[in-house]
2 protein chains.
Amino acid sequence: MKVELYDTTLRDGSQREGISLSVKDKLSIAAKIDQLGIHFIEGGWPGSNPKDAEFFQLAGNLELANAQLVAFGSTCRPGADPAGDPNLLSLATSGAGVVNIVAKGSALHVTQVLQTTLDENLRMISDSIQFLKSRGLAVLVDIEHAFDGYRDNSEYTLKVLRCAAEAGACCLVLCDTNGGALPDEVAGLVTITGKLTPVNIGIHAHNDAELAVANSLAAVKAGASHVEGTLNGYGERCGNANLCSIIPALKLKLGIDCVTDEQLSRLTEVSHYVSEIANLSPDAYLPYVGSSAFSHKAGLHVSGMSKWHLSYQHIDPALVGNRTRTLISELSGRSNIIHRANEIGVPLPPRGKEAQKLLEQVKDLESKGFQYENAEASFDLLVHRALPGYQPPFELVDFMVLVENRRRAPASKTADGLLSEAMVKVKVDGNIMHTVSEGDGPVNALDNALRKALLQQYPSLSVVKLIDYKVRILEESTGTESRVRVLLESTDGENQWRTVGSSTNIIEASWLALADSLEYWLVKQRRSCRENPIDQG
Amino acid sequence: MKVELYDTTLRDGSQREGISLSVKDKLSIAAKIDQLGIHFIEGGWPGSNPKDAEFFQLAGNLELANAQLVAFGSTCRPGADPAGDPNLLSLATSGAGVVNIVAKGSALHVTQVLQTTLDENLRMISDSIQFLKSRGLAVLVDIEHAFDGYRDNSEYTLKVLRCAAEAGACCLVLCDTNGGALPDEVAGLVTITGKLTPVNIGIHAHNDAELAVANSLAAVKAGASHVEGTLNGYGERCGNANLCSIIPALKLKLGIDCVTDEQLSRLTEVSHYVSEIANLSPDAYLPYVGSSAFSHKAGLHVSGMSKWHLSYQHIDPALVGNRTRTLISELSGRSNIIHRANEIGVPLPPRGKEAQKLLEQVKDLESKGFQYENAEASFDLLVHRALPGYQPPFELVDFMVLVENRRRAPASKTADGLLSEAMVKVKVDGNIMHTVSEGDGPVNALDNALRKALLQQYPSLSVVKLIDYKVRILEESTGTESRVRVLLESTDGENQWRTVGSSTNIIEASWLALADSLEYWLVKQRRSCRENPIDQG
C-alpha cells in the first residue's frame, strides 16, 4: 500500500490562533519539513495575499530533496470564466507544478453560503479543473464539507466527486472541514468514492472532535492513498490532523513505508523546529514527539521499565528521535533516583544508603514546595552535592532587594517611577564578591547582580541565558502568605536545563532557582573539562 | 444503550508531569466533577500514600449528587494472602463502596515485570476479587496491558478475563496501558470479551498514539458500557482518554444519553475549573471546551458563519457551555461590555460612546497583560471609574518593599534570616496615611501595610480575606524580565471576587490587584449603603 503525505502547515496550520508566519519563516519551515520525506508541501494561497505570492517567488530557490511545492486556491467564482479569474490565474503562474483547489462538496453550503445553484457549482468545479490542466498543472481537489454534505444530501456530494474526477482531478481529497465526523463515517465515504472512480482518494481531517488522527487512519484503511495534515496538528480552532502522529502510526503500526527509517527518526527534531519558528512553546504532551511522551513518574512504571524497556512504552522512542525520561518525585522510588544518577555519570550502588538518603532529601524538599520532575538540573546538583569532596563553584551569602514606587520619582528611575535594586554577596574561591544592580523587577535585578559577581571569576558564564521563568503558588488557600515555587529554564545556546526554588518568599524562591541554574552549568563545564582536558586547552 | 462514565483525574490524571494536587484540591475537584453527572469518581490509591488515605477519610463529608467514590489498588502480591495484604486491607477500610484493582493482563508482564508464574497471577486476581467481595464491596478490575497482552499471547489474556469474571468482578476494564492500540484492535478484543462473559466491559485508554478518544468510542460501539478517562485528558506521558471529548461525542454524535443536557452544558465550566485547581493554564485548543474551539479567524469562515451559524462549526457550542468567538470582531466585545455593566447596575446606552471607550480601555490594558475574563471585579471597577463624579475610597501614593537575607540575622528577624518589610503611603479622605508592616514575603508585607492604613478609616474591611493568589508569566521567552499577571481571589465571608494586576514587576502587579480587591469591596459597600440606608443603620 502506498500513501502520499501532504503538509499544509504553511496554509491551514497558520490559521491557528496566535500563529503568524513571515515569508522567511515559511521558507525555513518548508526546507525543514522536506527532510521528513513529506511528498507535498502546500506553500499558501498566492491569490489571497501578497505574502503567499512572495513565498512562491522565493520558493523557486529552495532545493527540496523530497517534496513538491503545491499552490492552494479555489474554484472560479459563480458565473465566472476560469481564464479571467485572478485567483486561478495566480495559481497558473505561481511556479508550482501542482495545485490544490477547494470545491464545495455540500449542497447546503452551495445554496446557503456560496448562494448559487447546485448546477453552477458543478460547472465551476469542472471548468476550473480543466483550465488548470490546460496550463499543464496537476490538480488536486479539496472537497470541502464532504462528510457533512454526504450526511445531508448524499446524492449531490457524489455528483461533485464524479464531476471532479471526470474533469481530470488527480486526487479527490475528502475534507472534514468542521472536524465533527466519526471514523466509521469517514471510512464509509472513502469506500463509496473508491467504487465511484479509480482516481486517488485523499483525506483532510480537523480535530474538533479529537478524532483527526483516527479519521485519517480510518480513511487509509478504507483505501485513501493521500493524507493531508500539519506539523504538531496546528490549525484553525482545535487544529488539523497531526502529521507527527499520523506518520509514525502509518509506518510503525500499519506497516506502510511512507518515509524512510532515517526520515522518521527526525520527527521530534522537525516538530520542535516548527514550533520554534512559529514562536510557540513545544507542547510537552504531544504523542511521539513531546518531551513528556516517554517520561515516567509512577514508581511502579519506572521499576517496570528497568526490567523491560518496552513495559510502559508503546514504541522505542529512538525510532521517532525522542527519548525516555525518568521523572524524580516524591511518588517515585529509589530506582528512579539510581536511574537518573546513572544517566549523569554518577553510579550509585543499587542497595547502598546513598540513594535512600537522596530519596529522603527529595521527599523533604518536595514537602517544602520544591519539585524535581520538571527541574532535572536541580536534582543533578543534589546528586553532585552528595558526593564526598564536592566543591561548589560559588556560595550564596546575603542578598537584599528593594522595590520602590514614588510618585515624584527623580529622573534616574524608570519612566513609571518604579525602581528595583538588588545587592548580592557571594563567596567565590574564598573571596567575597559584593555587587549591586538595578533591574526590570526584583528578580531581574537579582539576576543581574549575581551575574555581575560571578562573571569576574567565570567570564564564560556570559553565554548562559534564562529563557523561561514560571511561578506557581502552592497551598492556594492561604492568600498572600502562600508558598511559591519558581521554575527557571536556561540555555547556553546548545543545551537547555531547568531548575527549581521554593519559599514563602518569591524573591528567595527565585534566588535559589537562579543560583542552581548557574551552579549547574559551572559544574557541568568543570566535569567536561576534566574528561576532555585536551579539547579544553 | 447505556454507558457509565468513570473519572480518574484524581489518580491517573495526577500522573501528568507538573500536576501535584493537595487533599483540598482533590476534594474540590471531586465535588465539581460530580456536577457533570459522572457515575464514578476514582479518588486515589489509599494504600500507596498518606495523602490519598486522608482524601478518603475526608471524602465521607462530600455530598455527591451523582457519583459514587471509588478507591483504587492492585491485586495482592505474589505468594501473599489478600487478607494479610496491607494494600487490599486499605481498600477494604477506605470507606468507598466500590473499588477498582489493577491486574496484569499480559503474560509477558507477568513473567518479565511481576516476575512470577502465569498461574500465580491468576490465583492473585481470583483471591483478591473474592476477598474484596467478601467485605461487601463492588469490584471493578483494570486489566492492565490487555491489548498488548492479547497481541502477544491471546490465550493467556483471555484466561485472565475469564478468571476475573468468574471471581465476581462487576466490570472488566480493558486497559490500553501504553496507549499504542488502534481502534480496530480495541473493538476486536471488546467483541471477543463480550462473547466470553456477560460481565460489563469497560475501556481505559491512553493517548500515546493520539487515539484515546477514538479507541474509547470504538469500544463503546463494540459493546463496552463503561468508559474511564480524565478531565482535559490529563495523565501520564501524553495523557488519558479525555472525558471532555468523549462525553459530548457519546451524547451528541452517538445519541447515548449518558448525562443530561443540563449537565453537558456545564462541560466547559468544569473543564476550566479543574485546570484552574491544578494550576495549569486551560488549553485553548481542546475540542469542545477550549477557548479556540469555536473561534474563527479566516475571512471566508467568518463570512460563512454570518450567513449560517453552523457553516464552520460541527455543533452548537452552547450545548457544551462554550461560545463562538470571532477573532477580529469588535462588535461582540461592545455588546459583552454593555451586558456586564447592566448586570452590575450601570446601564450604558447601546450606541453611546461610553461602551466604545471602555472597550478601547480593555483592549489597551489587555495588551499590557491584564485579563478581565477571570477578574470581573477589576472590570467592574473600570466601569465605575468611567462614571462622572466617581470618588475612589482611597488612592495609592507610594510604596517601598525591602527583602533581605542576612546570614548573621539579629533575633528579631524570622528563623531563616529572611526579612520582608513594606512601607505604604495611601490617601484616604484627604489625609495621607503612611504605614509600615512586616510580612511572610514581600506581597504579604504589602497587604499588611495597606490594610493597616485603611482599617483606621474603614474598620469593616477586616472581614475581607484573600483566598487565592496566582501568578502567570506572560511572553515566556524573555526570562526574568517577563511581564507577570497576578490574579487575586478575595472573600468577605459571603461573596467572592477576583481582581487582576499586571506589570513587568511582580510586586507592582500584586499591589495593583490588592488595591483593586479592597476598592471593589468598599465601592460595593458604599452602593448597598445608599440603596438600603436603614439596614446599614
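In chain B, strands 14-15-16 form, in that order, an open sheet of 3 strands with antiparallel pairing; strands here are DSSP runs of E with at least two residues, helices are runs of H or I with at least four residues, and both are numbered from the N terminus. Two strands count as paired if DSSP finds at least two bridges between them. This is a predicted model, in which local features need pLDDT of at least 70 and side-chain atom pairs count only at pLDDT 80 or more, while totals for chains, interfaces and linings use all residues. Residues are numbered from 1 along each chain as its sequence is written, chains are lettered from A in the order in which they are written, and side-chain values use heavy atoms, with hydrogens and water left out.

- Strand 14 (465–473) and strand 16 (496–503) of chain B are the edge strands, each pairing on one side only.
- Neighbouring strands of this sheet are turned against each other by 20 degrees on average, direction ignored.
- Strand 14 and strand 15 (residues 484–491) of chain B run antiparallel and are joined by 8 bridges.
- Lys470(B) has Leu487(B), in strand 15 of chain B, as its bridge partner.

**Barrel of chain A**

- In chain A, 8 strands close into a barrel with parallel pairing, in the order 1-2-3-4-5-6-7-8.
- From one strand to the next, the twist averages 25 degrees.
- Strand 7 (residues 200–205) and strand 8 (residues 226–229) of chain A run parallel and share 3 bridges; Ile203(A) is partnered there with Val227(A) of strand 8.
- Helix 1 (residues 23–34) of chain A packs on the sheet and touches strand 1 (4–7) and strand 2 (40–44) of chain A, its direction making about 175 degrees with that of strand 2. Axes are lines fitted to C-alpha atoms, for helices over the stretch in contact, and angles run from 0 to 180 degrees between N-to-C directions.
- Helix 10 (residues 243–253) of chain A also packs on the sheet, touching strand 1 and strand 8 of chain A, and its direction makes about 170 degrees with that of strand 1.

**Interface of chains A and B**

- Contact (heavy atoms within 4.5 Å) involves 108 residues of chain B and 108 residues of chain A.
- The area buried between the chains is about 9,600 Å², of which carbon and sulfur atoms give 51%; buried area is the accessible area (1.4 Å probe) that two parts lose on being put together, summed over both.
- The rule finds 3 salt bridges across this interface, a salt bridge being a side-chain nitrogen of Lys or Arg within 4 Å of a carboxyl oxygen of Asp or Glu.
- Arg325(A) forms a salt bridge with Glu17(B), with the closest N and O atoms 2.9 Å apart.
- Strand 11 (residues 395–405) of chain B supplies the largest share of the side of chain B that touches chain A, 10 residues.
- Strand 11 (residues 395–405) of chain A pairs with strand 11 of chain B in the antiparallel sense over 7 bridges, and Val401(A) stands opposite Val403(B).

**Salt bridges in the whole structure**

- Over all chains, the structure holds 42 salt bridges.
- One of them links Glu144(A) and Lys104(A), whose closest N and O atoms are 2.7 Å apart.
- Glu144(A) lies in strand 5 (residues 138–144) and Lys104(A) in strand 4 (residues 98–104) of chain A, so the pair ties together parts that are 40 residues apart in sequence.
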